Amino acid sequence: MNIKLIAIGKTDNKSLQTLIDDYTKRLSFYIKFDLEIIPDIKNVKNLSESQQKEKEGELILSKLSPTDQLILLDENGKTFSSVGFSEELQKKMNSGVKTLVFVIGGPYGFSETVYKKAQGKVSLSLMTFSHQMVRLFFIEQLYRGFTILRNEPYHHQ
């Protein structure tokens, strides 16, 4: 199985980017992982909230293959413990999913079109985090999930 994380806008915090790169490298020992950044939309001041979500949605959907399974990182999604998330990853691998695509939306969330295309939603927390920090937290949880599946000592219970 391949895992892809799609996010809107680049990470401009060098410290966060260093950590994201570190966990991305660690994750590569377990699974093929890609972080794909969709550039920020230009001239958003001239767009309504819904127009911005529509434009971002079109860009997100253009990155998907027909067989990809789309999971949105969304505040209203299902919450997991780290162990529960690792079990969910195992289920996806066992079910034969070729590419699992997670998406971090823009500042206003996702368009209805993206919600309709998604096969699930995951919430990392009830708290609100910056989109840049969510990338780091999510990639770290992916890494943690695979160390749990391999019974490695990274995660303590």
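This is a predicted model: local features need pLDDT of at least 70, side-chain atom pairs count only at pLDDT 80 or more; totals for chains, interfaces and linings use all residues.
Local features need pLDDT of at least 70 and side-chain atom pairs count only at pLDDT 80 or more, while totals for chains, interfaces and linings use all residues. Residues are numbered from 1 along each chain as its sequence is written, and side-chain values use heavy atoms, with hydrogens and water left out.

Select Tyr30 and Tyr143. The ring centres are 5.7 Å apart and the planes stand at 70°, so this pair is edge-to-face (rings of Phe, Tyr and Trp, the last by its six-membered ring, pair if their centres lie within 6.5 Å; planes under 30 degrees apart are stacked, over 60 edge-to-face, the rest tilted). Both Tyr30 and Tyr143 are buried (under 20% relative accessible area; exposed is over 50%, partly exposed in between; 1.4 Å probe, protein chains only).

Next, select Phe102 and Phe138. Their ring centres lie 4.6 Å apart with planes at 55°, so the pair is tilted. Phe102 and Phe138 are each buried.

Now select Leu73. With 12% relative accessibility, Leu73 counts as buried. Beyond its neighbours within four places in sequence, its contacts (heavy atoms within 4.5 Å) include Phe102 and Phe138.

Finally, select Leu126, which is exposed at a relative accessible area of 79%. An unreviewed UniProt entry lists Leu73 and Leu126 among the residues of a "binding site"; UniProt positions follow the numbering used here, feature names are shortened, and annotations may be inferred rather than shown by experiment.
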